[in-house]
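Here is a short note for a colleague who has not looked at this structure before. The points below can be read with the sequence and the structure side by side.

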Amino acid sequence: MSRATRRLVALGGCMAMAAGLVVAAGPTASAENSITDLGVRSSIADHSEVVAGGGKVFVAAGDRVVVTDIEGVLLGAVTGLAGVDDVVATPDGAHAYAALPSSHEVVEIDTAALAVTRRISFTAYSCLADLALSGQTLWTAHGCDMHTGGVITRVDVSAPDPQPVTVLTGQSTTPTIAVARNTLLSIAPDTSSADVRVYDVSNGSATLRGEIDGDDPATSSRPGLNITQDGSTAILAFPRGFESWDLASLTKLRDYGKDPAVRGSVAGAAISADGDHLAGGWSWGDRGVELYDVATGALTDKQKIPSGWPTPRILTMTIAGNDVFCVLYTSYTTNLRLWRLEDATLLPSAVTLSAPDEATALEPVTLNGRLTLPEGVTPRVRRLEVTRRLPDGTSTTLRRGKTKADGTFSITDIPPVAGTIGYDVSWHGSATVRGSKASVSVDVARQPASLTLAGRRDLVLGDRFHLRGTLKFGDKAPATRSSVTVIRGNPDGTSTDLGTVQTSVAGRFRISDLPDQEGEYIYNVLFMGDDVVTDTIDALFVTVRARSV
């Protein structure tokens, strides 16, 4: 029995076609966040720090400084270091400075060669604890415990032989510092006070300008103190949120993220280079990372910590360009990972997308949607990228769409096959607004095929039989040459496979046969169908009589 005959038996002489549509739409960020395993195992007692400069990201991790590019791709590491406790980098990324408390030194790293080029000795100062870099001046904080007091020094790293100079002594305990331009902030936590001292360091010495009442800041972690690069604003990290303070008047500006109804405890903070954006990390709950507009206090973005391994937590974070980088620690695996939140500081946009209730292969389907931009952004026509994903996993970028001035858009496509077809519509964003994307999946039915047959139904034995037929896809001709299979059912119950016939582009075909028995014949014509068009079958009954004498 031929394949076509078996198919004919399975069809049983009748066809059924079912079509449906399943739509799943929803906006997703077009930015591609990523996770990079830094290849370092760490304990919760180890300190880590992350900074960025010159298109590179530097992570202090145990006995090394790991370096990635601005997309989080590993470039290498400077290894063999005696316990890196902190790291800072120049804005151009040419050099990084790592604190090594156990050897009482700061090493200067050439970030192109990934090699230590100089070692700055701090043997005269015990317990190196914190670093800050402003211009060509490296600031260091020292202190062993709550009873020995703390010291702050400065070092001119542009000098051929840099030597530390004492700036402040008598700190109540180990200070945490932040420096920008001519302003030094110092916080020396103890059991009774955590005030932030503000110093003028314009002449190389430190002159106290005043204090900020720290109340109860999260002084147990170094992200508790930040300062904008222009030295104008301090950002304090509290257990339940953040505060900004004007450093000229020493007055509080506003709060960020302080919501007693939302669970979470501050784990880190970072300020963008322009001082416009604050990234706040949260150590538990569902808050993850939140982005705030420093000037207004508005929440501009929030993203949960990625799942996929047990209980990740944020150790430290930084902002590089428009991206936020967080170092994640997992208690079970102890691997450090670098989480990149692409374009997180940009204003959010959203694309919504909807699909029709029905779709059929080879027939137009129209998708409708809207691009929503932040308040204040001038509405105008925006170009969109449209991608079609076929069931076999291949994808095609379609002709680009565009919005109307009000953000609405319509996109029409002709699905080339049946099955679940996905459409992605994305807007790439601008210099100030983050791109966005929406996706929809459509269950596309196969195009219904049909056959019509015509020919003489009564023959005399010995006459040649001619059958004419037309194949259609929907209400149209196939537009390409297709093949149909002809199977003749004989009067004695047997069947004869008459082979295939090719149609014209208009779907027409002809067959010719010479029946050799009296009785009733059934000429079955079958179109096998494919992933675009359904199977179909039609039959013509023909009676062959004996010739009259």
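**Notes on the model**

1. The side chains of Arg 400 and Glu 385 form a salt bridge, with an N to O distance of 3.8 Å. Arg 400 sits in the loop between strand S33 (395-397) and strand S34 (401-402), while Glu 385 belongs to strand S32 (residues 383-389), so the pair ties together parts that are 15 residues apart in sequence. Please keep in mind that this is a predicted model.

2. How many salt bridges are there by this rule? The count comes to 20. Side chains of opposite charge can pair when their charged atoms come close. Beyond the pair in point 1, a few others are worth looking up in the structure.

3. Glu 290 and Arg 287 meet through their side chains in a salt bridge of 3.0 Å, N to O. Are these two residues buried or exposed? Both Glu 290 and Arg 287 are buried.

4. Another salt bridge joins the side chains of Arg 64 and Asp 63, at 2.9 Å from N to O. Here Arg 64 is partly exposed, with a relative accessible area of 24%. Asp 63 also counts as partly exposed, at 36% relative accessibility.

5. The largest nonpolar core has 46 residues. The members that touch the most other members are Tyr 423, Val 425, Leu 467, Val 484, Phe 509 and Val 525. Taking Leu 467 as an example, and leaving aside its neighbours within four places in sequence, its contacts are Leu 453, Ala 454, Phe 509, Arg 510, Ile 511, Tyr 523, Val 525 and Leu 540. Two of the residues named in that list, Phe 509 and Val 525, are also among the core members that touch the most others.

6. Ala 418 lies in the loop between strand S35 (408-413) and strand S36 (419-429). With a relative accessible area of 14%, Ala 418 is buried, because the limit for that word is under 20%. The C-alpha atom of Ala 418 is 5.3 Å from that of Val 532, although the two residues are 114 residues apart along the chain.

7. Gln 447 is in the loop between strand S37 (434-444) and strand S38 (449-455). The relative accessible area of Gln 447 is 3%, and the residue is buried. What lies 3.2 Å from a polar atom of the Gln 447 side chain? The backbone nitrogen of Gly 474 does. Apart from neighbours within four places in sequence, Gln 447 has contacts that include Thr 360, Ala 361, Leu 362, Glu 363 and Phe 473. Val 532, Val 533 and Thr 534 are also among the contacts of Gln 447.

8. His 104, in the loop between strand S8 (95-100) and strand S9 (105-110), has a phi near 55°, which is a positive value in a residue other than glycine. His 104 is partly exposed, with a relative accessible area of 30%. Leu 250 likewise has a positive phi, near 55°, and is placed in the loop between strand S21 (241-246) and strand S22 (251-256).

Definitions and conventions:
Residues are numbered from 1 along each chain as its sequence is written. This is a predicted model: local features need pLDDT of at least 70, side-chain atom pairs count only at pLDDT 80 or more; totals for chains, interfaces and linings use all residues. Side-chain values use heavy atoms; hydrogens and water are left out. A nonpolar core is a set of buried Ala, Val, Leu, Ile, Met, Phe, Trp, Tyr and Cys residues joined through side-chain atoms within 4.5 Å. Buried means under 20% relative accessible area, exposed over 50%, partly exposed in between (1.4 Å probe, protein chains only). Contact means heavy atoms within 4.5 Å. A salt bridge is a side-chain nitrogen of Lys or Arg within 4 Å of a carboxyl oxygen of Asp or Glu. Helices (H or I, at least four residues) and strands (E, at least two) are DSSP runs, numbered from the N terminus. A polar contact is a pair of N or O atoms within 3.5 Å; within protein, one must be able to donate a hydrogen and the other to accept it, and residues adjacent in sequence count only if both atoms are side-chain atoms.
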